[in-house]
Amino acid sequence: MNLYVPIAVLALIAFGFAMFSLVASTLAGPKRFNRAKSEAYECGIEPTPQPVGGGRFPVKYYLTAMLFIVFDIEIIFLYPWAVTFDALGIFGLVEMVLFIVAVLVAYLYVWRRGGLEWE
Amino acid sequence: MNSQLLAQSAVQAPHIEYGQLAPMLIVFGLAIAGVLVEAFVPRRARSAVHAPLTLVGLAAAFVATVLQAGTHHVAAEGAVGVDGPTLFIQGTIIALAFVSSLLIAERRPDTSAFVSDAASVPGTQEERESLVAGDVQTEVYPLTMFAVGGMLLFPAANDLLTMFVALEVLSLPLYVLCGLARRRRLLSQEAAVKYFLLGAFSSAFFLYGIAMVYGFAGSIRLSEIALAVSHSGGNETLLLLGLALLGMGLLFKLGAVPFHSWKPDVYQGAPTPITALMGSCTVVAAFGALLRVLYVGFGGMQWDWRPFMWGIAILTMVIGAIVAITQADVKRMLAYSSIAHAGFVLTGVIASSSQGLSSTLFYLVAYGFTTVGAFAIVTLVRDAAGEANHLSRWAGLGRRSPLVAGIFAFFLLAFAGIPLTSGFTGKFAVFAAAVAGGATPLVIVGVLSSAVAAFFYVRVIVVMFFSDPNPDGPTVAAPSLLTGAAVAVGVAVTLVLGVLPQPALDLAANAAAGLFVR
Amino acid sequence: MTPINLIVLSFVLFTIGAVGVLVRRNAIVMFMCVELMLNAANLAFVTFARMHGNLDGQIAAFFVMVVAAAEVVVGLAIIVSIFRTRRTASVDDANLLKY
């Protein structure tokens, strides 16, 4: 049973965070309603006509999506490490930090070279 | 099921021998440092930081390799084999990468081989602006270092998964580097697309081969595959299929016929310093990996793969030599010559003995340095549109600049295997090993195709020295210190290995004596 | 489903990918076929891992996914650069390099 205590705690924290966000945004957020806001969000019939053939995506979508995939997929190496974290100890931590640093260097490069700028 | 598996293999912290992996770690560290330089150093200063960093780092990696001499050990929990042949190959790759980096570091805007802004479309205002601004391309340095790091890991990989990752780490930067030429950008981009599509296709075959071998042996570790092969029991179909697919992937990288069609196009289209890098380092690394796979993993089934390798070696030598005759472009001709040489080296590989291994190692050193030197000369012969690569433009070069033409002729004679050059010693060594291994018919084909190859090398020499110079022909750019040094190293190694080959032969024999670690 | 069926499926996927690379003329589609081949290899890896009862194949599948993602990025960058120059992604139009 002890095994499930961390999961229960995590679920509690997650639920609490979600509730907190909802309540906080209701209390603190500005309330301005307009036409766009009251429209269906990502459901129902599309209110604006799309260009014929689906239209083309600007290259910046592609750039962002690609960068996302590369950084996203690195994360799969963190899962096996997290599972065996106790067994690997300091060694595993140091190696993982090195790995993250290498990924971070790539991120810094992308950032400095303007890969993250939308316009 | 999975929880059972996890419970069976209680996880223990792995033991990593950082000292034995130092050459690779240094080169990958250099690559990452290079990315940081790209991110934080101002554009103007980058190239001044990159070039010394790269050269000093490669020298350090070379020292680290030499310090490992005598090691015979499987490092990193069985992923990387550190042994005589591997260290010899790694040292060769680092030395060749150093010389190629001298060419890459050629920075004067008029002679730099790389486009300043690879994202700009050829022939647009954007491209012209960046040309006028005198920008130079600096991302080539980290890309080259990533590729070299992959090349170092490729022949050292003791399990097939590590080998696949190394293959991709060396290939992906090369695909990009091929598309960065400053002049004739359409050709360069086309070469990059061709190389990429065919390279990705072949590495998919390589990967599927690994999956099949894993299905047969239940392991991707070469030593355990060798065990499974010797206790033949499992599914032979999977094994043979896997070996065939693996071989396809490896033979593609070294450009053996019938997997050679990318080589002339890519060698011609890529910036010449990158062609030098591919023609020397990549070939050495691919042969190292092929040797390890065949000797360690599948040594027990020599009688299955030998006939096929015979056929491929014969095809590679003959087709490489014959098709080279019709080439009118210097870089294409050197590409076909590289294909023919891959065939010569394969005769040494097939011998599958310690002698075959040592002669292969020697041949790779000799051929690598001659190749880098020859491509360094190609960068020097220029006209208004950049390098003048068409052979007709080289007519009469020997009368205008006897020194450059003479050195190029010397390299061509080394390719042809004329005595007193390294090419002769190398060919002699591999053919002797092949005869000792009982492959005399192969050697006869090899000698005959050498004779055919000698014909087109000599034809270039005749064109350079015995025809009248073209009035508006290309000029020979005065070599800068860097290019000059690359040419000098090429000449020196080619000459020394031809006149005094014994120390190098002994070194190769020593390195090969212990064979690969299992 | 028995493992052998999965191996057969992996063969079929690999063959579809390989044939696709050979017969299609659009660089992007050829590239998608290469990705299909890689995924066929992944399927074979995990199936064999199950048959042999060890984890090597599953680890391999992880690494192959990462490599495939990196390959996609590099490949699409190259294809986009040539598309911007020529306004076409057909490999038949890339015909400047020949003897």
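Colleague: In which loop is the place of Pro258(B)?
Modeller: This is a predicted model: local features need pLDDT of at least 70, side-chain atom pairs count only at pLDDT 80 or more, and totals for chains, interfaces and linings use all residues. Residues are numbered from 1 along each chain as its sequence is written, while chains are lettered from A and ligands numbered from 1 in the order in which they are written. A cis peptide bond joins Val257(B) to Pro258(B), with omega about 5 degrees. Helices (DSSP runs of H or I, at least four residues) and strands (runs of E, at least two) are numbered from the N terminus, and Pro258(B) sits in the loop between helix 10 (236-254) and helix 11 of chain B.

Colleague: Is Glu77(B) buried, exposed or partly exposed?
Modeller: Glu77(B) lies in the loop between strand 1 (73-75) and strand 2 (80-82) of chain B. Glu77(B) is not a glycine, yet has a positive phi of about 55 degrees. A residue is buried if 20 or more other C-beta atoms, placed from the backbone, lie within 10 Å of its own, exposed if 12 or fewer, and partly exposed in between. Glu77(B) has 14 C-beta neighbours inside 10 Å, so it counts as partly exposed.

Colleague: And Ser352(B), buried or exposed?
Modeller: Ser352(B) is in the loop between helix 14 (330-350) and helix 15 (354-380) of chain B. Its phi is positive too, about 35 degrees, although Ser352(B) is not a glycine. Its 20 C-beta neighbours inside 10 Å make Ser352(B) count as buried.

Colleague: Which residues does Ala289(B) touch, not counting residues up to four places away in sequence?
Modeller: Ala289(B) is part of helix 12 of chain B. It counts as buried because it has 26 C-beta neighbours inside 10 Å. Two residues are in contact if their C-beta atoms, placed from the backbone, lie within 7 Å. Setting aside residues up to four places away in sequence, Ala289(B) touches Phe154(B), Pro155(B), Met163(B) and Leu250(B).

Colleague: How are helix 9 and helix 12 of chain B set to each other, parallel or oblique?
Modeller: Helix 9 (residues 222-230) and helix 12 (residues 272-297) of chain B pack at about 40 degrees, with axes 8 Å apart. Axes are lines fitted to C-alpha atoms, for helices over the stretch in contact, and angles run from 0 to 180 degrees between N-to-C directions. Angles under 35 degrees count as roughly parallel, over 145 as roughly antiparallel, 65 to 115 as roughly perpendicular and the rest as oblique. Helix 9 and helix 12 of chain B are therefore oblique.

Colleague: Which element of chain B gives the most to the side that touches chain C?
Modeller: In this interface, 37 residues of chain B are in contact with 37 residues of chain C. Helix 7 (160-178), helix 8 (185-217) and helix 11 (262-269) of chain B each give two or more residues to the chain B side. With 17 residues, the most comes from helix 8 of chain B.

Colleague: How many residues of helix 1 of chain A are buried?
Modeller: Helix 1 (residues 5-28) of chain A has 24 residues and should span 34 Å at 1.5 Å a residue, which agrees with its end C-alpha atoms being 34 Å apart. The expected span is 1.5 Å times one less than the number of residues. Helix 1 of chain A lies largely in the open, because the number of its residues that are buried is zero.
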